[in-house]
Amino acid sequence: MHELSIAMSIVELAEEYAGKEHAEKVTELEIEVGDFSGVVIDALEFAMEEAVKESICQGAVWKIIPVHPLARCGSCGHTYHPDSLFQPCPACGGYGAEILQGEELRLRSILVE
Amino acid sequence: MCDTCGCGEGGETIILRKPGREGAHIHLEGEHAHHHEHEHEHEHEHSHVHPQDHRGREVVIEQNILSKNDLLAERNRGYFEAKKIAAFNLVSSPGSGKTSLLERTITAMKGKKDFFVIEGDQQTMHDADRIHATGVPVIQINTGNGCHLDARMIHEAVKELDPGEDSVLMIENVGNLVCPSLFDLGESKRIVVMSVPEGDDKPIKYPTMFQSSDLCIINKTDLLPYVDFDMEKVKNYARQVKPEMEFIELSVRTGEGMEPWYEWIEKNSGVLL
Ligand SMILES: Nc1nc2c(ncn2[C@@H]2O[C@H](COP(=O)(O)OP(=O)(O)O)[C@@H](O)[C@H]2O)c(=O)[nH]1
Ligand SMILES: [Mg+2]
Ligand SMILES: [Zn+2]
Ligand SMILES: [Zn+2]
Ligand SMILES: [Zn+2]
């Protein structure tokens with residue numbers, strides 16, 4: 001269900017920007033979703049189909065771009081690609097790394113007409 | 001609809017109600033309810049328009065999708081800070097004992113702290129009625145099919161509840177360890193409650209929730225003799241995602257371990273900067 005509120009926020013954001021451009025419709029949306037964003041891409045796909053209905057985004061195509069995680073170890077500074085929030089630093093075994101990327105939930109761009 | 005929590009589809013009708021005044025309630029309809037009110041907040045934004053291509057003009061946005069919620073959450077936070085209200089967002093799976101914890105805490109700390117409570121549930125006023133019985137002001141938010149509270153619901157509920165200066169605002173979120181982790185409410189601290197019968201692998205199953213919480217309460221310790229539950233294992237898992245996590249082990253039922261929790265509330269309220 002939070003995917004539906006997120007999909008509705010995406011459409012709302014697109015509406016706002018399309019409005020500023022005095023556009024009549026949105027034909028494409030590019031959405032970045034990090035692996036650690038807490039959003040399930042399949043569920044978001046499904047929710048988008050609902051959310052675009054009767055909006056300025058009706059009929060638009062969307063590209064969901066997964067963003068793979070990158071972390072920097074707080075102890076030794078090593079950067080690595082963790083598979084989960086639990087993975088210790090492969091260089092020193094430390095936990096609690098800073099997540100540099102992978103938590104994104106962003107509307108990157110839209111195409112309007 | 002939601003693959004992660006299994007909650008239902010559709011319905012955006014949010015209802016706010018107070019015990020004893022069930023007839024009077026407020027509907028928050030849809031995401032557009034405050035659309036015009038908040039337009040000024042976006043003045044600083046600007047868009048870059050690229051030349052027309054065959055599918056239309058490109059508008060580069062690069063904006064966080066939850067930015068509206070985050071903005072409103074910051075507004076709530078500013079309001080709480082100005083009034084020195086300590087706002088705690090309690091998250092857990094259904095049945096971990098959040099409402100029981102609040103009932104016992106409010107009763108025990110009466111006279112020391114002014115409590116105000118926001119109850120979030122998909123349906124029913126049961127939890128608000130339980131809190132109402134302790135004698136403190138409470139408002140129930142029924143989210144319908146929604147699986148989390150968001151900053152706008154809190155903004156509206158706080159307007160109704162009007163918590164006083166130096167008070168403690170307890171927000172019991174919808175029972176769900178996935179969705180509420182994404183929605184900042186403007187709380188001062190997030191508290192994840194888990195209970196012994198749920199097993200010791202909760203933190204690895206729901207890392208985002210544990211990562212975003214400040215305190216982990218482990219409830220129902222009276223059941224430790226009857227279940228396989230490794231306390232150190234839980235804490236180690238939780239520290240792997242949140243090294244600074246604080247822990248309090250307690251039993252709401254027997255009252256054992258409640259004292260450190262009351263002290264934690266004292267320490268984290270009233271004197272916020
Ligand atoms: N054994 C035991 N049961 C508890 C304890 N705390 C709460 N419960 C029970 O757990 C159930 C769910 O509690 P509730 O407060 O409604 O959980 P919530 O859904 O998180 O608000 C109720 O039956 C409570 O009586 C405890 O410390 N020990
Ligand atoms: Mg409850
Ligand atoms: Zn959900
Ligand atoms: Zn390291
Ligand atoms: Zn508002």
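## Close-up views of chain B

**Figure 1. Ligand 1 and the residues that hold polar contacts to it.** In this predicted model, an N or O atom in the side chain of Thr99(B) comes to 2.7 Å from an oxygen atom of ligand 1. Arg130(B) also takes part through its side chain, with a polar atom 3.1 Å from a ligand oxygen. Val252(B) uses its backbone instead: an N or O atom there lies 3.0 Å from an oxygen atom of ligand 1. On its own, ligand 1 has 580 Å² of accessible area, and the protein covers 76% of that.

**Figure 2. The shell around ligand 1.** How many residues surround the ligand? There are 17, and the closest are Gly95(B), Lys98(B), Thr99(B), Ser100(B) and Asp222(B). Helix α2 of chain B, which spans residues 98-109, gives the largest share of the shell, with three residues.

**Figure 3. Helix α8 and its buried face.** Look for residues 258-267 of chain B, where the buried residues are Met258(B), Trp261(B), Tyr262(B), Trp264(B) and Ile265(B). Why do they line one face of the helix? Viewed down the axis of α8(B), these buried residues fall within an arc of 155 degrees, so they share one face. The buried residues of α8(B) pack against helix α2 and against the strands β5, β8, β9, β10 and β11 of chain B.

Figure 4. Is Gln240(B) buried or exposed? Its relative accessibility is 15%, so Gln240(B) counts as buried. Leaving aside residues up to four places away in sequence, Gln240(B) touches Leu85(A), Phe86(A), Tyr95(A) and Gly96(A).

**Figure 5. Two loop residues with positive phi.** Most residues other than glycine have a negative phi, which makes this pair worth a look. Lys84(B) has a phi near 50 degrees and sits in the loop between α1 and β5 of chain B. For Asp166(B), phi is near 60 degrees, and its place is the loop between α4 and β8 of chain B. Lys84(B) has a relative accessibility of 32%, so it counts as partly exposed. Asp166(B), at 34%, counts as partly exposed too.

**Figure 6. Stepping back to chain B as a whole.** Chain B contains eight helices and 11 strands. Of its 273 residues, 54% count as buried. What share of the contacts with a separation of 6 or more joins residues 24 or more positions apart? In chain B the figure is 71%. The chain exposes about 11800 Å², and carbon and sulfur atoms supply 49% of that area.

Notes: Residues are numbered from 1 along each chain as its sequence is written. Chains are lettered from A and ligands numbered from 1 in the order in which they are written. This is a predicted model: local features need pLDDT of at least 70, side-chain atom pairs count only at pLDDT 80 or more; totals for chains, interfaces and linings use all residues. Side-chain values use heavy atoms; hydrogens and water are left out. A residue is near a molecule or strand if one of its heavy atoms lies within 4 Å of it. A polar contact is a pair of N or O atoms within 3.5 Å; within protein, one must be able to donate a hydrogen and the other to accept it, and residues adjacent in sequence count only if both atoms are side-chain atoms. Accessible areas come from the Shrake-Rupley method with a 1.4 Å probe; for residues, only the protein chains shown count as cover. Helices (H or I, at least four residues) and strands (E, at least two) are DSSP runs, numbered from the N terminus. Buried means under 20% relative accessible area, exposed over 50%, partly exposed in between (1.4 Å probe, protein chains only). The arc is that of the directions from the helix axis to the C-beta atoms. Contact means heavy atoms within 4.5 Å.
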